[in-house]
Amino acid sequence: MSITTLPDARWPQAIAVAAFLALSLPHAALNAQGLENPETVNRIIGSEVKQEEAKANAEAGTVNTAIERTRENIGTVRKTSKLDKVDIVFLTDAARSEGGPPPAIESKVKQHQDDIAELRKEIEANALLFNAIESRRVLAEDVLAVEFDAPGKIVIYAAARPSN
């Protein structure tokens, strides 16, 4: 029986099955890639992805400097298509579950909130950076700042806890 000869009552079922398959295949492809495997992530992103944990108060000066540079870093994020190294710094005590960033950082975040919102959108639109943070289960909304501290290297500061 070809699809053109389906009885009228079966069309909704056929459409539902087709929609389900169309929505499932991209997700299945990501699962098949095994994004938990660091080698796979590095091949997809083309960069080494490292993570570390830090206390927000200890990193406040560095994070605040990066937040102040957000406007200029937005353009760099937009143009970035290759990096040698991506460092994700988890500011564990600044995670939402911990009450958010300490006052010293929170005031900078509020002062630059529009720029930070735009930075987060640029990260989501940048396949390399989005996949880097996604591989470590960081949401773009948890990113506080980025810093390009050397050619080919970015540090992403996230108010989050590592997933593992």
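A117 is partly exposed, with a relative accessible area of 37%; buried means under 20% relative accessible area, exposed over 50%, and partly exposed in between (1.4 Å probe, protein chains only). A117 belongs to helix α6 (residues 113-125). Helices (H or I, at least four residues) and strands (E, at least two) are DSSP runs numbered from the N terminus.

The model is predicted: local features need pLDDT of at least 70 and side-chain atom pairs count only at pLDDT 80 or more, while totals for chains, interfaces and linings use all residues. Residues are numbered from 1 along each chain as its sequence is written, and side-chain values use heavy atoms, with hydrogens and water left out. The average pLDDT of the protein chain (the predictor's confidence in each residue, from 0 to 100) is 83, and 71% of the residues score at least 70. Over residues 27-34, pLDDT stays under 50, and the model has 4 contacts beyond four places in sequence for this stretch. Contact means heavy atoms within 4.5 Å.

T70 is one of the buried residues of helix α4 (residues 70-79), together with N73, I74, G75 and V77. The cover over the buried residues of α4 includes α3, α6, α7 and β3.

Four strands form an open sheet in the order β1-β2-β4-β3, with mixed pairing; two strands pair if DSSP finds at least two bridges between them. β1 (48-54) and β3 (143-150) stand at the edges and have a single partner strand each, so one side of each is left without a neighbour in the sheet. From one strand to the next, the twist averages 20 degrees. β1 and β2 (residues 85-91) run parallel and are joined by 7 bridges. V86 in β2 is the bridge partner of V49. Helix α3 (residues 56-68) packs on the sheet, where α3 touches β1, β2, β3 and β4 (153-158), and its direction makes about 75 degrees with that of β3. Axes are lines fitted to C-alpha atoms, for helices over the stretch in contact, and angles run from 0 to 180 degrees between N-to-C directions.

The pairing of β3 with β4 is antiparallel and spans 5 bridges. Within this pair, A145 has Y157 in β4 as its bridge partner. The two strands form a hairpin with 2 residues between them, and G152 in the turn has a positive phi of about 80 degrees.

Helix α7 (residues 127-135) has L128, L129, A132, I133 and S135 buried. These residues lie on the same side of α7 because they cover an arc of only 160 degrees around the axis, the arc being that of the directions from the helix axis to the C-beta atoms. The N-terminal end of α7 is capped by N126, with a side-chain oxygen 3.0 Å from the backbone nitrogen of L128. Just after α7, R137 takes a positive phi of about 60 degrees.

D142 is found in the loop between α7 and β3. D142 is buried, at a relative accessible area of 10%. Its side chain makes a polar contact with the side chain of R96 (2.4 Å). A polar contact is a pair of N or O atoms within 3.5 Å; within protein, one must be able to donate a hydrogen and the other to accept it, and residues adjacent in sequence count only if both atoms are side-chain atoms. Not counting residues up to four places away in sequence, D142 touches R96, Y157, A158, A159 and A160.
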